[in-house]
Amino acid sequence: MRLSATYILIGINILIFAAETMAGGTENREIALKFGAQYTPYVKKGQWYRMFTSMFLHFGFIHLICNMYSLYNLGPALEYFFGIPLFLLLYLVSGLCGNLLSYAVETRSGKNKISAGASGAIFGLLGSYLIFALLPGYGGVSLYGILRVLGINAFYAFANRGINAIAHLGGLIGGIAVTLILLLLF
């Protein structure tokens with residue numbers, strides 16, 4: 001059986017979710033902050049690790065299931081195409097780009113909220129698929145399908161004030177950039 005980074009990422013997210021649940025609940029703000037949720041005032045104080053740790057935290061079971069289902073569906077083909085190290089690079093850099101853009105917007109606006117989730121990284125994977133749909137020679141990726149998924153998710157993210165839509169946008173941009181760089185280099 002082949003090692004799968006996608007399934008390992010899903011497993012890590014589920015284990016951290018279980019730990020959050022046992023510590024007091026995944027929708028508890030104090031627990032989220034204790035486990036490393038992103039909060040711009042804390043990042044400004046030097047807690048930069050939150051840009052990374054927040055990608056593995058989720059607010060509630062539905063949040064976890066939606067992100068892990070998306071990762072389950074999007075991850076394997078990209079992992080197969082890029083290989084495990086470059087797939088992990090794509091995933092993690094996309095998530096970090098989402099968190100960095102969120103940090104920049106919150107720093108500028110002064111409106112801070114606690115955020116967490118794998119959505120920035122997931123949107124990075126969607127950005128990668130978008131590149132494959134746009135480039136000739138990478139058949140099998142439907143531009144219409146990707147645009148439909150992005151459109152539905154963007155509408156939902158920007159319509160729901162509890163979702164960090166800026167992190168989604170940053171992840172998408174990060175995924176597009178990383179994919180283009182990887183395709184140029186390899």
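The following dialogue examines how terms are applied to this predicted model.

Colleague: What are the conventions for this model?

Modeller: The model is predicted, so local features need pLDDT of at least 70, side-chain atom pairs count only at pLDDT 80 or more, and totals for chains, interfaces and linings use all residues. Residues are numbered from 1 along each chain as its sequence is written, and side-chain values use heavy atoms, with hydrogens and water left out.

Colleague: Why is His58 called buried?

Modeller: Buried means under 20% relative accessible area, exposed over 50%, and partly exposed in between, with a 1.4 Å probe and protein chains only. His58 has a relative accessible area of 1%, and is therefore buried. His58 is placed in the loop between helix 4 (50-53) and helix 5; helices (H or I, at least four residues) and strands (E, at least two) are DSSP runs, numbered from the N terminus.

Colleague: What makes the pair His58 and Asn67 a polar contact?

Modeller: A polar contact is a pair of N or O atoms within 3.5 Å; within protein, one must be able to donate a hydrogen and the other to accept it, and residues adjacent in sequence count only if both atoms are side-chain atoms. The side chains of His58 and Asn67 are joined at 3.1 Å. Contact in general means heavy atoms within 4.5 Å.

Colleague: How do you know that the length of helix 1 agrees with expectation?

Modeller: The expected span of a helix is 1.5 Å times one less than its number of residues. For the 19 residues of helix 1 (residues 5-23) this gives 27 Å, and the end C-alpha atoms are 27 Å apart, so the two agree.

Colleague: What makes the pair Phe81 and Phe82 edge-to-face?

Modeller: Rings of Phe, Tyr and Trp (its six-membered ring) pair if their centres lie within 6.5 Å; planes under 30 degrees apart count as stacked, over 60 as edge-to-face and the rest as tilted. The search of the whole structure finds nine aromatic pairs. In the pair of Phe81 and Phe82, the centres are 5.0 Å apart and the planes stand at 85°, so the pair is edge-to-face. Phe81, at 42% relative accessible area, is partly exposed, whereas Phe82, at 11%, is buried. Together with Phe132, Phe81 and Phe82 form one aromatic cluster.

Colleague: Which residues touch the most other members of the largest nonpolar core?

Modeller: A nonpolar core is a set of buried Ala, Val, Leu, Ile, Met, Phe, Trp, Tyr and Cys residues joined through side-chain atoms within 4.5 Å. The largest has 31 residues, of which Leu71, Leu78, Phe87, Tyr91, Leu125 and Leu150 touch the most other members. Its largest share, nine residues, comes from helix 7. A second, separate core of six residues includes Leu33, Ala37, Leu57 and Ala116.

Colleague: Why are the buried residues of helix 8 also placed on one face?

Modeller: Gly145, Ile146, Leu150 and Ala157 are the buried residues of helix 8. Down the axis of helix 8 they fall within an arc of 125°, so they line one face. These buried residues pack against helix 7 and helix 9. The face turned away carries the exposed residues Tyr144, Ile152, Phe155, Tyr156 and Ala159.

How values were computed: Arc of directions from axis to C-beta.
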